[in-house]
Amino acid sequence: MSTKMKGEYSSSRSFASRRYTILLCLGSFCLGLFFTDRMWSIQESKGMSRPSVTEAERLKLISEGCNPKPKEVKRDPQALLGQVANTHIALQTLDKTISSLEMELAAARSVQESLQNGAPVSDDMGKKQPQVKRRYLMVVGINTAFSSRKRRDSIRATWMPQGEKRKRLEEEKGIIIRFVIGHSATAGGILDRAIEAEDRKHGDFLRLDHVEGYLELSGKTKTYFSTAFSMWDADFYVKVDDDVHVNIATLGETLVRHRKKPRVYIGCMKSGPVLSHKGVRYHEPEYWKFGENGNKYFRHATGQLYAISRDLASYISINQHVLHKYANEDVSLGAWFIGIDVKHIDDRRLCCGTPPDCEWKAQAGNICVASFDWSCSGICRSADRIKEVHRRCGEGEKALWSATF
């Protein structure tokens, strides 16, 4: 055999031995796995025992406890109603808490803005406030102008208590009454000095950071509610014109009936036409926002006298910078409440006519809250006639001091 053939034979034997070795290893590995798995199965089977009858029952109870079958529960309708009532009470409490927090936030914000802007602040604002504010029944703001000195004096002589009686009204009845006015275009001028002298004499003004003007009544109304809200914590905030006769006790008794209701807006509700023609009284420059010509406004309280609850005053104070102002202040106020959950209360006793209308109603035991002439949007020649209206339609001084709110 040649050397070449020997080499080829030796190489083939080496290759065959390597192949058999690999096959033997794989076979041994598989056989080992088979016996290992078999031994584990035998040990596990030896270690397991059949549960006894007691254990089987116990296991059944445990399995049933993990997946309990629903049981029919009889519900008492009265109990359900009670739960609903409790939930409603809890929601009301939460609503009052939120309103209170909003009030405190708005008050702090208003004071801070006044200090930052260097705005003229009423003497009442400048006084040191106690840590816990007293809760008043209502704040009555009488909208007035620089030229209305005679009207103010006629109100002081009729339905607005003066001096110590006014202080007693605040302390005993929780009623704040102030004439509301801003400042002239030239702050510190002769008009402002005249108001300051009158205020030193009577002490019954609430000065606003607002420039006076008939076309600025919407802005004045917004500033009044924001300022009054920051100064006094009251259940209601009232706005009345200085040519309207008011029975304060009857007003208080009317408002008290709605004290526990949230977001209350009280007045003589109306819906007058939107006047698009220039030059007419109560012209609405933004008439196009109310639809086609001839449309009417949404329901809102007439501007001679209306009242809003504390949470609505808080809403105005917080959002005063984004509330839109229309030409007419009563329309503006009604617009501010569109889109929020407000209770509109239409009370016709807030808009009685002058004698004989209010006199007949008083004789029938239905005393009016406010009286004025619709034709004049107030008492015609009020400075001269309001004393006669007070004599014939007034509730009497005793009614005020004997009233309990």
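Tutor: The model is predicted: local features need pLDDT of at least 70 and side-chain atom pairs count only at pLDDT 80 or more, while totals for chains, interfaces and linings use all residues. Residues are numbered from 1 along each chain as its sequence is written, and side-chain values use heavy atoms, with hydrogens and water left out.

Student: Is Leu23 buried or exposed?

Tutor: Leu23 lies in helix H1, residues 3–47; helices (H or I, at least four residues) and strands (E, at least two) are DSSP runs numbered from the N terminus. Buried means under 20% relative accessible area, exposed over 50%, and partly exposed in between, with a 1.4 Å probe and protein chains only. Because its relative accessibility is 52%, Leu23 counts as exposed.

Student: Which residues have the most contacts inside the largest nonpolar core?

Tutor: A nonpolar core is a set of buried Ala, Val, Leu, Ile, Met, Phe, Trp, Tyr and Cys residues joined through side-chain atoms within 4.5 Å. The largest has 45 residues, and the elements giving it two or more residues include strand S1 (135–143), strand S4 (233–241) and helix H9 (248–256). Those with the most contacts inside this core are Met138 and Trp159.

Student: Among the residues that Met138 touches, which is a phenylalanine?

Tutor: A contact means heavy atoms within 4.5 Å. Not counting residues up to four places away in sequence, Met138 touches Gly174, Ile175, Val238 and Leu251, among others.

Student: How many disulfides does the count come to?

Tutor: A disulfide is a pair of cysteine sulfur atoms within 2.5 Å. With bonded cysteines counted along the chain, the pattern is 1-2, 3-5, 4-8, 6-7. The count comes to 4.

Student: How many residues apart in sequence are the parts that Cys268 and Cys351 tie together?

Tutor: Cys268 and Cys351 form a disulfide with their sulfur atoms 2.1 Å apart. Cys268 counts as buried because its relative accessibility is 1%, and Cys351 counts as buried at 8%. Cys268 lies in strand S6 and Cys351 in the loop between strand S8 (343–346) and helix H12 (357–363), so the parts they tie together are apart in sequence by 83 residues.

Student: Is the disulfide of Cys352 and Cys368 left-handed or right-handed?

Tutor: The sulfur atoms of Cys352 and Cys368 are 2.1 Å apart, and both residues are buried. Because the torsion about their S-S bond is about -90 degrees, the disulfide is left-handed.

Student: Is the disulfide of Cys376 and Cys380 left-handed or right-handed?

Tutor: The S to S distance between Cys376 and Cys380 is 1.9 Å. At 31% relative accessibility Cys376 counts as partly exposed, whereas Cys380, at 18%, counts as buried. The torsion about their S-S bond is about 95 degrees, so the disulfide is right-handed.
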